[in-house]
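These are my notebook entries on a single chain, kept in the order in which I looked things up.

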Amino acid sequence: MLAAECAWAILRAEHVRTRELLARLETAMKAGGEAGVRQRARSVIEAIERLQAFEETTHRPKGVVMLKTLRGRSSEADGLLDQLDSESECCNGFLAQAKILLERAESGATGAAAEADALLRQHRQMMSAHLDKEDTLLHSHTALLLSPEEWAAVVSSISTEVGAAGKRGHRRSPVSGQV
C-alpha cells in the first residue's frame with residue numbers, strides 16, 4: 001500500500017497548494033485603498049487564472065486513473081464521485097462567472113465587482129468543503145476498494161496524465177506571472 005500512501009501524500013500536498021491559492025484569491029478580493037476597482041479586478045482575475053491553471057494542469061490529472069478505477073466499485077463510492085464531480089463543475093462555473101463579472105468591472109460596470117465577490121465567496125466555501133471530502137471520504141473509499149496492483153497503476157499513470165494536461169494547457173495563452 002506504499003503506492004496508495006505516496007499518491008495520497010501528493011494529493012494532500014496539492015490540496016494545501018489549492019488552499020494557498022484560495023487564500024491569495026481572497027487577499028486579492030479584499031485589496032482596497034489606493035488600488036482602484038479596475039486594478040483590483042485585474043488582480044483577482046489573475047489569481048483566478050493561477051488557481052484554474054493549477055487545477056487543470058497539475059491537480060485534476062493526477063486523479064484521473066484513480067477515479068476511473070474506483071468508479072463502479074460500490075454505490076456509495078459512485079454517489080460520492082457524482083457529488084464531487086457536481087461540486088467541481090459548480091466551482092468551475094463560479095470562477096467562470098466571476099471572471100466575466102470582473103472583466104465587466106474592469107470596463108467600469110458598477111456593481112459587477114460586488115457580484116463577483118459574492119460568487120467567489122460561494123466558490124471558496126464549496127471548494128474548501130470539497131477538498132475536505134477528498135481528504136477524508138474519498139481517501140477512505142480508495143483505501144477500501146482499490147488493490148495494491150491498482151494503486152501501482154494509478155501511481156504510474158500520474159506523470160502521463162500530468163504531461164498530457166500540461167500539453168493541453170500550453171495550447172492556451174499563458175498566465176503572466178504564474179506561480
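I looked up Arg71 first, working in a predicted model, and found that this residue is partly exposed, with a relative accessible area of 34%. Arg71 forms a salt bridge with Asp85, and the closest N and O atoms of the two are 3.2 Å apart. I noted that the pair links distant parts of the chain, since Arg71 sits in the loop between α2 and α3 while Asp85 belongs to helix α3, 14 residues apart. Asp85 counts as partly exposed because its relative accessibility is 41%, which falls between the limits of 20% and 50%.

I then turned to Arg73, which also counts as partly exposed, at 33% relative accessibility. The side chain of Arg73 meets that of Glu150 in a salt bridge, with 2.1 Å from N to O. Glu150 lies in helix α5 (residues 148-170) and Arg73 in the loop between α2 and α3, so this contact ties together parts that are 77 residues apart in sequence. I also recorded a network in which Arg12, Arg19, Asp132 and Asp135 are joined by salt bridges that share partners.

My next entry concerns Lys99, whose closest approach to Glu49 is 3.5 Å between N and O atoms, in another salt bridge. The two residues are 50 positions apart, with Lys99 in helix α3 and Glu49 in helix α2 (residues 37-70), and the pair links distant parts of the chain. Is Lys99 buried or exposed? Lys99 is buried, because its relative accessible area is 17% and the cut-off for burial is under 20%. Glu49, at 22% relative accessibility, counts as partly exposed. For the structure as a whole I wrote down 15 salt bridges.

In helix α3 (residues 75-106) I also looked up Ala96, which counts as partly exposed at 36% relative accessibility. The C-alpha atom of Ala96 is separated by 9.7 Å from that of Gln52, although the two residues are 44 apart along the chain.

I moved on to the nonpolar side chains and asked which residues of the largest nonpolar core touch the most other members. In this core of 26 residues they are Leu25, Val44, Ile48, Leu51, Ala98, Leu102 and Leu120. Helices α1 (2-30), α2, α3 and α4 (112-145) each supply at least two residues of this core. I followed Leu51 in particular, and leaving aside residues up to four places away in sequence, Leu51 touches Thr18, Leu21, Leu22, Leu25, Leu95 and His123. A second, separate core holds 15 residues, among them Ala7, Trp8, Leu146 and Trp151.

The C-alpha trace spans about 55 × 30 × 20 Å along its principal axes. Of its 179 residues, 41% count as buried. Where contacts have a separation of 6 or more, I noted that residues 24 or more positions apart account for 82% of them. The chain exposes about 9400 Å², of which carbon and sulfur atoms supply 55%. For the charges, I recorded that the mean positions of the 23 positive and the 25 negative ones are 5 Å apart.

Definitions and conventions: Residues numbered from 1 in each chain as written. Predicted model: local features only at pLDDT ≥ 70, side-chain atom pairs only at ≥ 80, totals over all residues. Heavy atoms only, no water. Buried < 20%, exposed > 50% of the residue type's maximum accessible area, 1.4 Å probe, protein only. Contact = heavy atoms within 4.5 Å. Areas by Shrake-Rupley, 256 points an atom, 1.4 Å probe, with all protein chains shown as cover. Lys, Arg positive; Asp, Glu negative; His and termini not counted. Charge placed at Lys NZ, Arg CZ, Asp CG, Glu CD. Helix = DSSP H or I, 4+ residues; strand = E, 2+ residues; numbered from the N terminus. Salt bridge = Lys/Arg side-chain N within 4 Å of Asp/Glu carboxyl O. Core = buried A, V, L, I, M, F, W, Y, C linked by side-chain atoms within 4.5 Å.
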